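Biologist: I have a sequence and a structure to look at, and I would like to learn how to read them carefully. Please take me through the features one at a time, with the general idea before the particular case.

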Amino acid sequence: PSRFIPVAESSGLILRMGDWMILQACETLARLHAAGQELLISVNVSERQFRQDDFVERVLGMLAQTGAPAALLILEVTESLLIEHLDDTIARMSDLVRHGVRFSIDDFGTGYSSLAYLKRLPLYELKIDKSFVQDTPDDPNDTAIVQSIISVARHLKLRVVPMSVKPAILSVISVPNQSFVDVPLGIRRSSRTAATQRVMKLVTVGQRYLPERLPVIPIRNEV
């Protein structure tokens, strides 16, 4: 991804890819919802995609045409998105949040972390970058940073997702009088194949409640 994504960004292909990913997420959410299942799905959004003039309208259009529950869609953005045009970023995010969409900051702590923007943004979740988590609890500095981020997030009522969590880390990522983080990613609870099969089974069950073919949403052709 570190090599492919920059090429997609510079060529403009990231716009088509981004639309396709959000559309796939919305279609899956619609089918899961029809099957009586409410699972959150997160989609990474690039800065170039987010800055498109019609980004908000396109996301809302996909949600409306597929019937996907907006509250189950999480759009993940990076801290680099917040460097410039913060007011515009807040306005776009707020428009989507008013319709139920949720936002997460991916790889938190590696960019331009600022408590000032955390209190202004309509966020739902922080994902702590694995560069801090993977050396916890062996590195006391990383351990202190992770615990501090969790504490701040808790006070701001944000969900916390540390990346690349290992079992040994669970003993040090708790906060006094608080439970562990919400979703520690990295612990193998079941095989990826089993998890994928379970989701696909739910999607298949949901298909019987949906039209044979979902509406076709045009994807950008910009390159």
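Modeller: Let us begin with the word contact, which means that heavy atoms lie within 4.5 Å of each other. The elements that make contacts are DSSP runs, namely helices (H or I, at least four residues) and strands (E, at least two), and they are numbered from the N terminus. This is a predicted model, in which local features need pLDDT of at least 70 and side-chain atom pairs count only at pLDDT 80 or more, while totals for chains, interfaces and linings use all residues. Residues are numbered from 1 along each chain as its sequence is written, and side-chain values use heavy atoms, with hydrogens and water left out.

Biologist: How many helices and strands does the protein chain have, and in what order do the elements run from the N terminus on?

Modeller: The protein chain has 9 helices and 5 strands, and their order from the N terminus is α-α-β-α-α-β-α-β-α-β-α-α-β-α. Of the contacts in the protein chain with a separation of 6 or more, 71% join residues 24 or more positions apart.

Biologist: Which residues of α1 meet which residues of α2?

Modeller: On the α1 side they are Phe-4, Ile-5, Ala-8, Glu-9 and Ser-11, and on the α2 side Leu-13, Ile-14 and Met-17. To classify such residues, count Ala, Val, Leu, Ile, Met, Phe, Trp, Tyr, Cys and Pro as nonpolar, Asp, Glu, Lys and Arg as charged, and the others, Gly among them, as polar. The contact of α1 with α2 then divides into 6 nonpolar, 1 polar and 1 charged residue.

Biologist: At what angle do the axes of α1 and α2 cross?

Modeller: Axes are lines fitted to C-alpha atoms, for helices over the stretch in contact, and the angle between their N-to-C directions runs from 0 to 180 degrees. Angles under 35 degrees count as roughly parallel, over 145 as roughly antiparallel, 65 to 115 as roughly perpendicular and the rest as oblique. The axes of α1 (residues 4-11) and α2 cross at roughly 105° and come within 5 Å, which means that α1 is roughly perpendicular to α2.

Biologist: How far apart are the end C-alpha atoms of α2?

Modeller: The expected span of a helix is 1.5 Å times one less than its number of residues. For the 22 residues of α2 (residues 13-34) this gives 32 Å, and the end C-alpha atoms are 32 Å apart, so the two values agree. The 12 residues of α4 should span 16 Å, and a distance of 17 Å between the end C-alpha atoms agrees with that.

Biologist: Is the crossing of α2 and α4 left-handed or right-handed?

Modeller: A crossing is right-handed if the near helix is turned clockwise from the far one by less than a right angle, and left-handed if anticlockwise. The axes of α2 and α4 cross at roughly 30° and come within 9 Å, so these helices are roughly parallel, and the crossing is right-handed. Among the residues that make this contact are Ile-22, Leu-23 and Cys-26 of α2 and Val-59, Met-62 and Leu-63 of α4. By class, 8 residues of the contact are nonpolar, 1 is polar and 3 are charged.

Biologist: Which residues of α4 are buried, and what covers them?

Modeller: Buried means under 20% relative accessible area, exposed means over 50%, and partly exposed lies in between (1.4 Å probe, protein chains only). In α4 the buried residues are Phe-55, Val-56, Arg-58, Val-59, Gly-61, Met-62, Leu-63 and Thr-66, and what covers them includes α2, α3 (47-50), β2 (73-78) and α5. In the protein chain, 42% of the 223 residues are buried.

Biologist: Which residues other than glycine have a positive phi here?

Modeller: Most residues other than glycine have a negative phi. Asp-107, with phi near 55°, is found in strand β3 (residues 102-108) and is partly exposed at 29% relative accessible area. Lys-157, with phi of about 60°, is in the loop between α8 (140-155) and β5 (159-162) and counts as exposed at 74%.
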